[in-house]
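Hello,

Here is the structure I said I would pass on. My notes follow below it.

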Amino acid sequence: MAAWAPADALGRRVLCGTERATVRYVGSVPPTAGIWLGVEWDDPQRGKHDGTYEGTQYFKCRHPRGGSFIRPNKANFGVDFLTAIKDRYGLNVEQDVQHGTEDTLVFGKKTVEFVGMDSIAEQQSQLNQLVDISVRECAVSHAGQKEEISRTCANIRHINLSKNLISSWETVTAIASQVQNLETLNISENKMKFPSTSTSVSSVFSKLRILALNQTEITWTEVLLCAPGWPALEELYLTSNNITVLERPDNVLQTLKLLDLSDNQLLDGNQLHLIAHLPRLEQLILRNTGISSIHFPDAGFGCKTKMFPSLKGLAINDNKISQWSSINELDKLPSLRSLQCHNNPLMDTEKNPETLRQLIIAKISQLEILNKSEILPAERKGAELDYRKIFGNDWLAAGGNWNPEKNKPSEEFLAAHPRYPSLCLTLTIKCPEKPEQKPVEKKLPESMTIQRVKGLLYRLLKIPGSELKLSYESSKLEGKEVELDNDLKPLQFYSIENGDCVLVRW
């Protein structure tokens with residue numbers, strides 16, 4: 001650490017002991033002599049003022065006590081990327097004094113001896129073999145000499161640069177431009193400046209698939225300005241960046257499969273509509289984003305939305321969702337298979353967590369995993385059956401009826417229970433001995449008794465129920481018929497499933 005400040009010190013990130021800061025001022029502070037650095041600490045508790053000293057404001061801080069003045073020799077301005085790699089991986093050549101013919105390479109804490117080999121060449125070889133590199137917390141601040149990285153580490157594909165002293169996106173680009181096959185890049189926990197205007201698209205990140213920008217203070221606008229340079233990006237992590245406003249990505253991020261916006265206070269669930277047309281997005285992580293509701297206005301009850309067409313997994317835990325209507329809306333997502341939703345006020349509406357789980361399963365038809373726990377077919381069948389039992393009287397009171405012709409539940413009921421009508425079985429009714437009688441499809445609740453089914457068939461066929469003999473056949477029981485011989489038993493007693501065929505004879 002020198003007594004003088006680098007020419008480009010202003011805006012640089014520095015380390016002072018274990019504390020990180022950003023240089024906001026370089027110059028004199030009368031009446032004292034010499035050069036001072038005015039720094040804004042990441043931890044405002046470390047500071048003393050807001051950049052004002054003896055009535056003169058030298059720089060500004062976000063926090064009223066987030067600033068200090070330090071001498072340049074107290075500030076560590078960091079090291080270049082390659083130096084950090086050599087230090088982290090212990091690629092330091094040491095001559096073993098006792099064995100003059102042996103060379104020693106140190107890998108971290110491990111010492112390896114190479115008898116009769118050129119240790120400099122061996123060091124070069126080891127650097128060239130590195131594919132996955134982590135220099136987290138190694139005080140990396142700049143790329144180093146031009147082309148030095150590409151000459152020395154030609155095979156790097158994955159880089160972890162998190163929690164360093166990188167102060168601008170330009171530095172990231174300077175490092176990445178020397179890594180031809182870069183696929184994964186983590187630069188989280190680096191407070192840096194990003195381009196504020198459109199930049200020329202280069203091929204630096206042409207193969208980048210995974211990018212982590214957590215805690216970098218990037219805005220969504222800046223994401224979209226950088227995104228044209230990420231043509232193959234599949235996973236983007238943006239947690240804890242104070243992103244509050246989203247914009248529609250036009251012709252960018254079209255390859256994205258995973259987006260993590262956790263710990264950004266979006267507040268308004270309608271913000272999600274702006275990213276709802278990313279065609280390949282499969283995973284959306286929205287933990288602790290402050291959203292209180294979810295709504296897809298383009299689709300009505302029982303219909304599928306055109307938004308998020310490929311979304312398979314959604315995480316909305318640790319939010320403020322308190323109404324069942326948001327869970328109902330999730331059934332509109334055509335591809336949803338996995339949901340995480342714990343730690344929302346809604347979870348407090350039911351005392352029994354098992355009942356809560358069953359209600360969510362019954363309300364979202366295609367769900368296969370809930371809160372990281374698989375939904376087995378038997379659990380789904382039980383959940384849907386219980387759901388029909390719990391709300392059956394409400395359905396009848398709202399105008400529901402076993403007779404399809406009289407079944408007209410109110411809009412209010414359908415809004416609260418949009419899946420209820422679809423929980424009825426769709427059965428094909430055939431008269432095998434009366435070929436002139438065309439097959440008909442009917443939606444019937446599983447709880448409907450055989451006696452009631454015969455009553456319905458009487459109205460359809462004008463044949464007294466006492467004369468009707470019913471059976472059913474299923475694709476699971478190929479070539480077999482099962483008699484429905486007990487008028488007091490419900491359809492579910494016979495394990496009839498959606499799509500089965502009821503055979504009517506008299």
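Helix α8 has a kink of about 50 degrees, centred on Phe391. The bend at a residue is the angle between axes fitted to the seven residues ending there and the seven starting there. Helices (H or I, at least four residues) and strands (E, at least two) are DSSP runs, numbered from the N terminus. Note that this is a predicted model: local features need pLDDT of at least 70, side-chain atom pairs count only at pLDDT 80 or more, and totals for chains, interfaces and linings use all residues. Residues are numbered from 1 along each chain as its sequence is written, and side-chain values use heavy atoms, with hydrogens and water left out.

How far apart are the end C-alpha atoms of α8? They are 30 Å apart, which agrees with the 30 Å that its 21 residues (377-397) should span at 1.5 Å a residue; the expected span is 1.5 Å times one less than the number of residues. Phe391 is also one of the buried residues of α8, and others among them are Arg380, Leu385, Tyr387 and Trp395. Buried means under 20% relative accessible area, exposed over 50%, and partly exposed in between (1.4 Å probe, protein chains only). The cover over the buried residues of α8 includes α7 (353-363) and α9 (411-416). Just after α8, Gly399 has a positive phi of about 105 degrees.

Next, the sheet. Strands of a sheet pair through backbone hydrogen bonds, either parallel or antiparallel. Here, 4 strands form an open sheet in the order β1-β2-β3-β6, and the pairing is antiparallel. Its edge strands, β1 (13-16) and β6 (67-70), each pair on one side only. Two strands pair if DSSP finds at least two bridges between them; β2 (residues 19-27) and β3 (residues 36-41) are joined by 6 bridges. Within this pair, Val23 stands opposite Val39 in β3.

Two single residues remain. Is Ser168 buried or exposed? Ser168 is buried, because its relative accessible area is 17%. Its place is the loop between β13 (158-160) and α4 (169-176). Ser168 touches Met192 and Lys193, leaving aside residues up to four places away in sequence; contact means heavy atoms within 4.5 Å.

Gln57 is in strand β5 (residues 56-57) and is partly exposed, with a relative accessible area of 44%. Not counting residues up to four places away in sequence, Gln57 touches Asp50, Gly51 and Thr52. From Gln57 to Arg452 there are 395 residues in sequence and 85 Å in space, C-alpha to C-alpha.

Regards
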